[in-house]
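Open the model in your viewer and keep the selection panel at hand. We will go from the whole chain to single contacts.

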Amino acid sequence: MFPRDFAWGAGTAAYQIEGGWQADGKGPSIWDTFCHEKGRVFGEQNGDEACNSYELWEKDLECIQQLGLTHYRLSLSWARLLPDGTTRHVNQKGVQYYNKVLDGLLACNVSPMVTLYHFDLPQALQDQGGWKSAGTATLFDSYAKFCFQTFGDRVKLWITINEPYVCAKLGHEDGIHAPGLKEPGVAAYLVGHNMLRAHAMAWHSYDCFYRTEQKGAVSLAINSDWLEPLHAGRTEDIAATERQLAFTLGWFAWPVFVTGDYPETMRSAIDARSKKLGCSGSSRLPSFSKDEPAILGTADFFALNYYTSRNIEAGGGYGETLCMKSDRDAGEVLDPSWPICGVSWLAVVPRGLRKLLMYIKDAFNNPAVYITENGFSQVGQLQIEDVQRSEFYKDTILEVAKAIQEDGVNVRGYFAWSLLDNFEWADGFSARFGLFHVDFTDARRSRTIYQSGREYAKIISKYKCAQSK
Ligand code: GAL
């Protein structure tokens, strides 16, 4: 059984659905730039038009209502609101757009959860150093305050930054996400650091200036796989699993929920290796300044994005190159018994979510948890009757129910990823995560519910009925 006020949601992100990349005064973001460069994204695709939610947002509202969602998670495009990233110039058309969407949601009795940053930095700020620059955190704080001020009367659940791990690692270490930098072992730590600072500043701003009046809650969305040692009894694999956890979930959750600083495993490994490599006397992992707002305690709930589980085997990643993998010295092996479905990185393991929830309860002092993303994609031939994905939602939600009932995890909501098939970053439109199919060959971008969407609607209505008894 789920608590009475459990949030049944689905999510999207601005760049993935809106389109209208130049409409009505919007400034370019790093994803506009990245996609317009050759060879970056599958099939040279881009989000110029995407689902055209900029014009078709009412169609999205219909989809949301058809599912019976109580909540909808969307992100704001920073460059649509503030074209050059600063509050010097506000694009009123952008403000109007989000006002329409938020008012529309509330009119249908759907509560918005709003993400301030979902991968799409204004290009103007990238030109000044982007997330590698300390000043971007301050500009993010100004943007956050602007959003709290403008939309906070209607938004009670805020996510500052979505998946800082993915922004840091895929965008600045691997170069497969915007801004496409490959500066191994250096940039990702700097970016992660500035994102934590940015998040903390925004949380403190909310706490000081808006919380009393607006009565909302603020967190950051942390992505994590569930990890297990490949050989359960092998000490090296156990240690490698712990290291891997520290370098992913721990990197962002430890500072916010446990100590105000990075996990010790991460700190000591990077410091030692930096020294060995003679990194001009300082560690590649920056330190938090005592003169800045504290990082510890800057989350009102735990926002978890969970997709998959992995088995870890020691010794897979050691090399002499300067990169994060070398710092960690742990290999990752996908357990062959966990079937890969959809995109290449996604093994479907619903029970991994229950284990991860239990881990979060224990490690982070039993926080309120929102599962802010979970889903899996279809690739290749389109199947509207997507039996496997329907089963996936049934199985996963059952695991969430067990986590609540049997393990006592304080789960407050579940957001399926995603409401719509959309622009799936480096995979373009080839990976379809939607509960609704979107026909990208049709100028009207017609939306059609998948079987998985119908299944999710059924699950929601079943539990809602049970809750009201
Ligand atoms: C997350 C991301 C989403 C979505 C999902 C599926 O990393 O936040 O935007 O793309 O992965 O890959």
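Helices (H or I, at least four residues) and strands (E, at least two) are DSSP runs, numbered from the N terminus. This is a predicted model, in which local features need pLDDT of at least 70 and side-chain atom pairs count only at pLDDT 80 or more, while totals for chains, interfaces and linings use all residues. Residues are numbered from 1 along each chain as its sequence is written, and side-chain values use heavy atoms, with hydrogens and water left out.

**Whole protein.** Show everything as a cartoon. The protein has 15 helices and 13 strands. Its C-alpha atoms fill a box of roughly 60 × 55 × 50 Å along the principal axes.

**The barrel.** Now colour the strands. Eight of them close into a barrel, in the order S1-S2-S3-S4-S5-S7-S10-S11, with parallel pairing. Two strands pair if DSSP finds at least two bridges between them. From one strand to the next, the twist averages 25°. Zoom in on S7 (residues 302–305) and S10 (residues 369–373): four bridges join them in the parallel sense. Which residue in S10 is the bridge partner of Ala303? Select Tyr370 to see that partner.

**Helices on the strands.** Contact here means heavy atoms within 4.5 Å. Axes are lines fitted to C-alpha atoms, for helices over the stretch in contact, and angles run from 0 to 180 degrees between N-to-C directions. H5 lies across S2 (71–75) and S3 (111–117), at about 170° to S2. H7 lies across S3 and S4 (157–162), at about 160° to S3.

**H5 against H7.** Keep H5 (residues 92–107) and H7 (residues 135–151) on screen: their axes come within 11 Å and cross at roughly 50°. That makes H5 oblique to H7. Angles under 35 degrees count as roughly parallel, over 145 as roughly antiparallel, 65 to 115 as roughly perpendicular and the rest as oblique. Show side chains next. H5 brings Val95, Tyr98, Asn99 and Leu102, and H7 brings Phe146, Thr150 and Phe151.

**H9 against H10.** Move to H9 (residues 187–214) and H10 (residues 235–258). These axes also come within 11 Å, crossing at roughly 35°. Ala188, Tyr189, Gly192, Leu196 and His199 of H9 meet Phe247, Trp251, Phe252, Pro255 and Val256 of H10. Colour this contact by class: eight residues are nonpolar, two polar and none charged. Ala, Val, Leu, Ile, Met, Phe, Trp, Tyr, Cys and Pro count as nonpolar, Asp, Glu, Lys and Arg as charged, and the others, Gly among them, as polar.
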